[in-house]
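Here are my notes on this one, for you to read with the model open.

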Amino acid sequence: MIQNSYQNMLKLPELKRKILITLALLFVYRVGVHVPTPGIDGAALESFFASASGTLFSMFNMFSGGALQRLSIFALGIMPYISASIILELMTVVIPYLEQLKKEGDAGRKKKTQLTRYGTVVLSAIQGFGIAVGLESMTSPAGVPIVPYPGWGFRLMTIITLTAGTAFIMWLGEQITERGIGNGISLIIFAGIVANMPSAGIQMGRLLSTGEMGLFSTIILIVLMVAVIGAIIFMELAQRRIPVHYAKRVVGRKMYGGQTSHLPLKINTSGVIPPIFASSIIMFPTTLAQFINLPVMQTVAGMFSPGTIWYYLLYIGFIVFFCFFYTAVQFNPDDVAENMKKNGGYIPGIRPGKRTSEYIDRVLTRITVGGAAYVSVVCVLPTVLMDKFNVPFYFGGTALLIVVGVAIDTISQIESHLITSNYDGFLGRSGSKRIKSRS
């Protein structure tokens, strides 16, 4: 069945064209990752990043596909766009204008996209300035300055280069969404993370050949990886379906309704946003300790270092908090209940209106508890593997959630194209013949 799907995918010219466009644009992105920003000592910067693992730099470097470590023109990656989208989504709760845009359909969506673009440029310029100033004060562990010739010339060049790079990545993502198979921004993050996986496999093979890792331990690790990926796929596809019945109603001479449907609630409604926010907060003291050489800062950074009890408690606590917070922002039970009531829908045994809203909220709270627990386990797994079992590379966490989630979405996009083409073929053959015969 899978082989037939691939054959059908390659037989469809439109789908093949979309896939080739997507691969070409992702190739352009990966080439840009290796184009350096002017005025940087690359060797000194690489040695600095080798000593800055476990900080915000390492997380941003992962999302940029290694571009930050090289300080390439794509060093900021797509993170400013994601940050602008999240900020705009959170501001929807407090700004009525943004709330109104959500209800305007395609026109409102285009306005929000434009605001997100403006926010991305502003955040990129601010982050570019911060990186330029920070790099001027940094040195490698050997004492070599990362910026040989600091000053406003270097700062302006860095701001313009990094902002233009992020704007170009944003454009690439939109082109993949419009002309490719869709989900462009997520595919760019996916490509950046997957690009680092071969090096982990090579490192694992080297340790196995030198005897630093035993064959039995390697087999157990591979089985654990497969089990974790399978569990993530299951949880990402899992839904709590609330049955919804629609009453019969007569409009003119036609009768509508009388159908049974369901309201799907995802177990992990918030996606990967909670671990991203939690990682940013938990790594902030460690990042500050790189610049502020005070005993207090070093003590606090030590408390928040991966492997300590405080790290686990705070990390899990932040993940749970943001799971509930972002779910509350994304999903409004009152709106769902009101729309259901307007369309003549009701949940069996629950009165329409406020009772329905309370019931949906109660169900959503329960499944969010399970979703938060699942995300916490997956995100804590890499630290446990590296700290307790001496696994030599990073496996799990936010990166694995993104990779599996984007892979599932991409497969769904391809399947939808295949289904649409089948319907088009059916209508194109039979429907066109009927039209010609009538004419």
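1. Glu14 pairs up with Lys18 in a salt bridge, with 3.9 Å between the closest N and O atoms. By salt bridge I mean a side-chain nitrogen of Lys or Arg within 4 Å of a carboxyl oxygen of Asp or Glu. Both Glu14 and Lys18 sit in helix α2, 4 residues apart, which is about one turn of the helix. Helices here are DSSP runs (H or I, at least four residues), numbered from the N terminus. Searching the whole structure turns up 4 salt bridges.

2. Keep in mind that this is a predicted model, where local features need pLDDT of at least 70, side-chain atom pairs count only at pLDDT 80 or more, and totals for chains, interfaces and linings use all residues. Residues are numbered from 1 along each chain as its sequence is written, and side-chain values use heavy atoms, with hydrogens and water left out.

3. How confident is the predictor? The mean pLDDT (confidence in each residue, from 0 to 100) is 78, and 80% of the residues reach 70 or more. Over residues 425-439, though, the pLDDT is below 50, and this stretch has 2 contacts beyond near neighbours in sequence. A contact is heavy atoms within 4.5 Å.

4. On the surface, Phe27, Val28, Val31, Val35, Phe168 and Trp171 make a nonpolar patch with about 530 Å² of accessible area together. Areas are Shrake-Rupley values with a 1.4 Å probe, and for residues only the protein chains shown count as cover. Patch members have over 30% relative accessible area and no salt bridge; nonpolar side chains (Val, Leu, Ile, Met, Phe, Trp, Tyr) are joined within 5 Å, like charges within 9 Å. Helices α2 (13-32) and α9 (152-179) each give two or more residues, with the largest share, 3 residues, coming from α2.

5. Then there's a negative patch: Asp334, Asp335, Glu338, Glu358 and Asp361. Asp and Glu count as negative, Lys and Arg as positive, and His and the chain ends are not counted. Each charge is placed at CG of Asp, CD of Glu, NZ of Lys or CZ of Arg. Helix α16 supplies the largest share, 3 residues.

How values were computed:
pLDDT is the predictor's confidence in each residue, from 0 to 100.
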